[in-house]
Amino acid sequence: MTAALSLPLATGLGLTASSAAAQQVASRAAPLVAYFSRTGNTRVIAGQIRRAHGADLFEIEPADPYPEDYEAVVRQAQGERDTGYQPPLRATFPDIWSYDIVFLGFPIWGMSTPPVIRSFLAGHDLSGKTLVLFVTHGGYGLGNSMAIVAAHAPRSRLLEPFTMRADQERETLLQVSRWLGDIQIGR
């Protein structure tokens with residue numbers, strides 16, 4: 001029934017019934033899970049989505065990795081965000097066109113999407129796709145990430161995201177700093 005309803009639309013777009021059917025066949029039943037994870041929190045969620053849906057998995061990575069040091073990453077990401085810089089990616093996903101559903105995961109950095117996610121969105125045409133975001137954050141929620149994704153993928157369908165507070169790194173640094181300030185070593 002769905003195929004029958006889509007044929008008039010496809011024909012109205014200048015596609016023949018056979019090319020519309022070919023496009024439907026080329027579509028993958030399983031979704032794609034594309035994610036960026038610096039500390040591993042978002043990676044865990046990506047793996048769970050992959051297992052639950054038999055999805056294909058793609059890790060979004062910058063060509064030049066972000067520093068290991070948390071404070072250095074914060075400074076670099078803030079500079080990239082403030083200047084609109086979109087770092088080059090290590091790889092792109094060449095056949096993203098064949099997926100109808102893309103789960104997109106990332107942490108919130110400075111109340112926004114990480115610059116590498118903006119690079120991913122700018123480098124992949126997500127027109128006609130259903131985007132399902134899964135987002136980790138340090139307690140500030142989604143920030144402006146929904147607006148960023150909507151602006152970079154305006155012809156996609158954006159579903160309600162999954163969000164989870166996952167601020168272990170920041171909390172660990174604060175606790176260790178407090179402890180180090182309290183101990184008396186060689187004073």
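Author: Before we start: a nonpolar core here is a set of buried Ala, Val, Leu, Ile, Met, Phe, Trp, Tyr and Cys residues joined through side-chain atoms within 4.5 Å. The model is predicted.

Reader: OK. Which residues touch the most other members of the largest nonpolar core?

Author: Ile60, Leu104, Phe106, Ile117 and Phe120 do, in a core of 27 residues.

Reader: And which helices and strands each supply at least two residues of this core?

Author: Strands E1 (32-35), E3 (101-107) and E4 (130-137) do, along with helices H4 (70-83) and H5 (115-123). H5 gives the most, with four residues.

Reader: What is Ile60 in contact with, leaving aside neighbours within four places in sequence?

Author: Ala34, Tyr35, Phe36, Leu89, Leu104, Val116, Ile117 and Phe120. Two of these, Leu104 and Ile117, were also named among the residues touching the most other core members.

Reader: What does the second core include?

Author: That core is separate and has nine residues, among them Val33, Tyr35, Ile45 and Ile49.

Reader: Switching to the surface. Which residues form a nonpolar patch there?

Author: Val176, Trp179 and Leu180, with about 300 Å² of accessible area together. Trp179 sits in helix H7, residues 168-182.

Reader: Why does Trp179 count as exposed?

Author: Because its relative accessibility is 52%, and exposed means over 50%.

Reader: Last one, the overall fold. How many helices and strands in the protein chain?

Author: Seven helices and six strands, in the order α-α-β-α-β-α-β-α-β-α-β-β-α along the sequence. Of the 187 residues, 37% are buried. Among contacts between residues at least 6 apart in sequence, 78% join residues at least 24 apart.

Key. Residues numbered from 1 in each chain as written. Predicted model: local features only at pLDDT ≥ 70, side-chain atom pairs only at ≥ 80, totals over all residues. Heavy atoms only, no water. Buried < 20%, exposed > 50% of the residue type's maximum accessible area, 1.4 Å probe, protein only. Contact = heavy atoms within 4.5 Å. Patch = residues over 30% accessible without salt bridge, like charges linked within 9 Å, V, L, I, M, F, W, Y side chains within 5 Å. Areas by Shrake-Rupley, 256 points an atom, 1.4 Å probe, with all protein chains shown as cover. Salt bridge = Lys/Arg side-chain N within 4 Å of Asp/Glu carboxyl O.
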